[in-house]
Every structure is written in C-alpha cells, then in structure tokens.
Amino acid sequence: MSKTRIVSFACATALVIASLSACRSRSEGTPSTTTTTASKGASPSEGASAQYFPLQSYRVGPYAAGGTGFFGGFIDYLQLVNERDGGVNGVKLVWSECETEYVVERGVECYERLKGGLQGAPPAAMNPLSVGIAYALIDRATADKIPLITINHGRTDSTDGRVFPYVFPLSLNPYSEASAIVNYIGQREGGADRLRGKKIAVLYHGSPYGKETIPIIDLLAKKLGFTATQIEVPHPGSEQQSQWLQIRQNAPDWVILRGWGIMNPVALKTATKVGFPVDHVIGNVWSNSEEDVLPAGPAGVGYTSVTTHPSGRDFDVLKEVDKYVLSRGKGNMQDPGRVGSVYYNLGIVNGILNVEAVRVAQKKFGNKPLTGEQVRWGFEHIAVDDARLRELGAFGLMQPIRLSCSDHEGGGAVRFQKWDGKAWSVVSEWVQSDRALLRPIIESSSLKYAQEKGVPVRDCEAEARL
C-alpha cells in the first residue's frame with residue numbers, strides 16, 4: 001500500500017471541514033497532479049495476459065473523502081478477485097492510478113495517459129467518479145470504444161444506450177434519484193397527492209453534477225403541484241449563510257440537499273443555525289456518507305439521505321475482502337475503520353459490476369483480456385438477480401440490476417437511511433423512481449443530442465439478432 005496516495009479517515013473527515021493543508025502534511029507525501037502510480041494487481045511480467053482498470057482517482061483536494069473511500073473499495077474488490085479466484089477465469093486484474101484532484105482538465109489528461117492500456121493489458125473501462133470529467137470524456141471514450149462508467153451519477157440521457165453506446169450511469173441516474181426522493185417525501189407526507197401546495201427547496205452544488213436535475217425537479221413540481229425553489233451553492237460550498245437565510249425566508253416544507261464534499265456538513269450546520277429542522281432535509285446519493293455527517297456533529301442527528309448500498313461490513317463480500325485482502329495486509333485503505341463506510345461500499349459495488357461485465361463478456365469472447373468494445377458488450381448484458389447477488393455475497397448490499405442495449409442504468413431504485421449520531425440505519429424499503437415518466441424525457445434529450453452531434457442511433461433489436 002502506497003503511503004503517498006492515502007488520506008486517513010481522520011484526514012478525510014477533516015478535509016470536509018477545510019483542514020486540507022494539515023491533512024496533506026499527514027498523508028506522508030501528497031502526489032503531484034496527473035501522477036500515474038505504479039501498476040498494481042498482476043505482476044508486470046503478466047503484461048498482455050492481464051485485464052487493465054485505469055483509475056482516474058482523486059485522493060487530495062476538497063473531495064478526497066469520496067475519492068479515497070470509493071477507489072479504496074474498488075481496488076480492494078479487484079484485489080479480492082485476484083487473491084481469492086486467481087483473477088476472472090484465469091485473467092489477472094491490474095490497475096494504476098492518475099490523480100485528478102476532481103479537476104476536469106486533469107481528468108482528461110489522465111484519460112489520455114491511461115487509455116492505451118498498461119504493459120500490453122487492454123483497458124476494460126474508465127471510472128472517473130466525476131460528472132464534469134465524464135461530460136468531457138463522452139466523445140473521446142466513444143471514439144476510443146472504451147466504456148465510461150458513471151455509477152449513480154453522470155449525464156442522465158446517457159441512460160439511452162442507443163445514442164450513448166459507451167456511457168453507463170449504472171444503477172441510478174440523476175433523474176431517477178430526484179424522482180425517488182420526491183416519491184419518498186410524498187410517502188412521508190401521507191401520499192403523493194399531499195404534495196400539492198407544499199414547498200420544496202433544492203440546495204445544489206454549483207457544478208454540472210449539481211445542475212443536472214434542475215429540469216426534472218421543475219417537471220415534478222408541475223406534475224405534483226408543489227412549489228420548487230432551486231438554490232445554487234458555489235464550489236466548494238464552505239459558505240452558505242445567504243442561501244439558508246433565503247430558505248428560512250421561503251419556509252419550505254422540505255429541503256433536498258444535492259451536495260458534495262465540504263458542502264454537506266456545512267449545510268447541516270447552517271440549517272441548524274438558522275432554525276430549519278434537519279429531519280426535513282433529505283440528502284441525495286452524494287450527501288449520504290459518514291464523512292458528510294460526522295463533521296456536522298449534533299447538527300446531523302436525524303438527517304435522512306438516499307442510499308443505493310447500505311454501509312456496514314455484515315455482507316459476505318465484505319467478509320471475503322477481510323479474509324483474502326485485509327488480513328493479508330493488501331488492503332488499500334490506510335484507515336481500516338473506513339472499510340464498510342458508504343463511499344467504500346460504493347467502490348465495492350462498482351467493482352462487482354465492472355468485474356461482472358468482464359465475466360459476462362468472456363462468455364462470448366473467451367477467457368482472455370478483452371477490448372473495451374467487448375467489455376461494453378458485457379456491461380449491456382449484465383443481469384444480476386437475487387440469486388446472483390447471493391453468489392456474489394452482495395445480497396442486501398445492492399439492488400438487482402439488468403442492463404441492455406437501450407438501458408444503461410438498469411436499476412432506478414433507492415432506499416433511505418437516517419443518521420443517529422453514530423451510524424446510518426436504513427429506514428425504508430426500495431423506493432422506485434417513476435421510470436415510465438422519465439424514459440420519454442430521456443429519449444427526447446438523447447435523440448436531440450444525436451441530431452445535434454450527428455450520432456447514429458443504434459437499432460438494438462437488429463443488434464440482438466446478430
């Protein structure tokens with residue numbers, strides 16, 4: 001485990017309360033930007049016989065808590081597959097990292113440096129975990145025929161694989177997330193019809209990610225009869241006094257928090273400061289981690305947020321990681337206390353789906369390192385039901401998911417969790433988004449994109465017959 005790439009849980013928590021400089025000094029050597037680390041996983045001598053996962057990670061900067069947790073979980077799962085199974089059907093997994101600091105230009109530079117593979121091992125997929133970087137890479141990844149994975153985020157209309165053949169907002173796209181949150185608020189009010197006349201404020205991060213759901217929230221407000229007020233918080237979100245004073249003046253019934261990094265604990269503290277009840281603040285999937293609530297202290301107690309993957313270590317796959325990776329001293333997390341956290345478990349889920357795509361694609365193309373185009377086929381044929389989740393040791397950790405040529409999301413449901421000051425507790429069953437409402441909107445947007453860009457629209461039925 002490289003000491004130069006890791007930020008501890010204490011540091012990660014401190015980062016979101018703006019102690020960045022102190023954490024950098026304690027991380028024992030902050031990597032320079034766009035530095036690619038040494039390869040991990042398979043040995044260099046295995047070269048072209050391995051499958052490569054290029055990682056555009058961010059372990060420093062205001063969003064390091066998310067980056068260290070997510071990529072730590074992702075890498076630990078890849079390591080598990082190597083240690084326990086000897087790879088995927090004999091094909092070892094190898095990876096390397098390039099630091100982006102969540103900056104779009106650096107993410108693009110990292111993509112160009114990594115896309116060619118590693119020592120002959122072809123890239124399986126790109127996973128930048130950044131809406132801004134993902135937007136910047138759509139055309140490049142499509143031209144290079146490398147899957148671009150944006151689990152739980154990304155450009156919503158990329159759900160339509162007919163127009164975006166290499167982009168996969170796995171599990172949950174932003175429109176589904178917004179729809180599911182509104183459906184949950186409707187449940188809390190006693191039914192969707194009780195939303196009529198209510199007021200909902202949306203506090204969103206001033207970035208492409210934060211702005212993604214503005215039109216769908218307005219549409220849902222019109223359909224269900226509530227008033228929506230959407231308020232931007234400039235990056236990184238460390239100052240929100242004026243926004244919360246506006247919320248206090250408008251007196252909404254609910255606030256939807258679409259934050260990221262330091263913005264989240266600041267929101268909870270400022271809500272308390274202006275007297276808004278935190279139990280009526282509903283966080284989205286990037287406002288749902290331990291690192292979002294721990295720095296908020298008592299102000300976070302009672303806060304509820306979305307989750308697509310419960311935190312905790314009481315899942316068979318986490319026990320396998322402990323047995324085959326952590327106990328052998330091969331874990332990626334410097335602070336073992338963060339194993340099982342929300343960000344870490346999302347990395348595990350992302351690892352499961354990436355590896356599952358390779359495994360599915362091998363059934364068609366053979367047990368060998370695959371090209372990005374072949375792995376894309378694998379993603380489009382993922383079908384993880386409850387039986388498969390049990391085999392993967394992930395039953396209860398993630399929802400069943402089925403992808404296709406036209407549907408690159410495959411899920412669209414969330415659960416809700418409540419913070420008690422020490423841990424998250426799941427407080428709902430799966431709440432499904434209104435996919436029937438959203439699909440025509442997604443297709444309208446994707447087809448408009450296709451027309452503007454001159455992108456050919458795939459005939460999925462014809463492809464299925466090949």
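Okay, so let's start with the kink in α5: about 50°, centred on Leu137. Keep in mind that this is a predicted model. The helix runs over residues 131-144, so to speak 14 residues in total, and it reaches 19 Å from its first C-alpha to its last. That's close to the 20 Å expected at 1.5 Å a residue.

Now, which residues of α5 are buried? Val131, Gly132, Ile133, Ala134, Leu137, Ile138 and Ala141. You'll notice Leu137, where the kink is centred, is in that list of buried residues. And the buried residues pack against quite a set of elements: β2, α4, β4, β5, α7 and α16.

Lys145 has a positive phi of about 60°, although it is not a glycine. It's partly exposed, with a relative accessible area of 40%.

Asn89 is another one to look at. Asn89 sits in the loop between α3 and β3, and here the positive phi is about 50°, again without being a glycine. Buried or exposed, or in between? Asn89 comes out partly exposed, at 44% relative accessible area.

If you carry on into strand β3, residues 93-99, you find Val94. Val94 counts as buried because its relative accessible area is 5%, and the cut-off is under 20%. Val94 and Ala50 are 44 residues apart in sequence, yet 6.4 Å apart in space, C-alpha to C-alpha.

Next, Asn173, in the loop between β5 and α6. This asparagine is buried, with a relative accessible area of 0%. What does Asn173 touch, leaving out residues up to four places away in sequence? Thr156, Thr159, Glu409 and Ile442.

Pro236 is in the loop between β7 and α9.

Last stop, the largest pocket. Its volume is about 340 Å³. There are 15 residues lining the pocket, and Trp377, Glu380, His381, Glu463 and Ala464 are the ones nearest its centre. The elements giving two or more residues to that lining are α13, α14 and α17. Which of the elements gives the largest share? That's α14, with five residues. By type, the lining divides into six nonpolar, three polar and six charged residues.

Technical notes: Residues are numbered from 1 along each chain as its sequence is written. This is a predicted model: local features need pLDDT of at least 70, side-chain atom pairs count only at pLDDT 80 or more; totals for chains, interfaces and linings use all residues. Side-chain values use heavy atoms; hydrogens and water are left out. On a 1 Å grid over the protein atoms alone, a cavity is a set of points where a 1.4 Å probe fits but cannot get out, and a pocket is an open set with protein on both sides within 12 Å along at least five of seven lines; lining residues have an atom within 4 Å of a point. Grid points are joined across faces, edges and corners, and a volume is the space filled by probe spheres set on the points. Helices (H or I, at least four residues) and strands (E, at least two) are DSSP runs, numbered from the N terminus. Ala, Val, Leu, Ile, Met, Phe, Trp, Tyr, Cys and Pro count as nonpolar, Asp, Glu, Lys and Arg as charged, and the others, Gly among them, as polar. Buried means under 20% relative accessible area, exposed over 50%, partly exposed in between (1.4 Å probe, protein chains only). Contact means heavy atoms within 4.5 Å. The expected span of a helix is 1.5 Å times one less than its number of residues. The bend at a residue is the angle between axes fitted to the seven residues ending there and the seven starting there.
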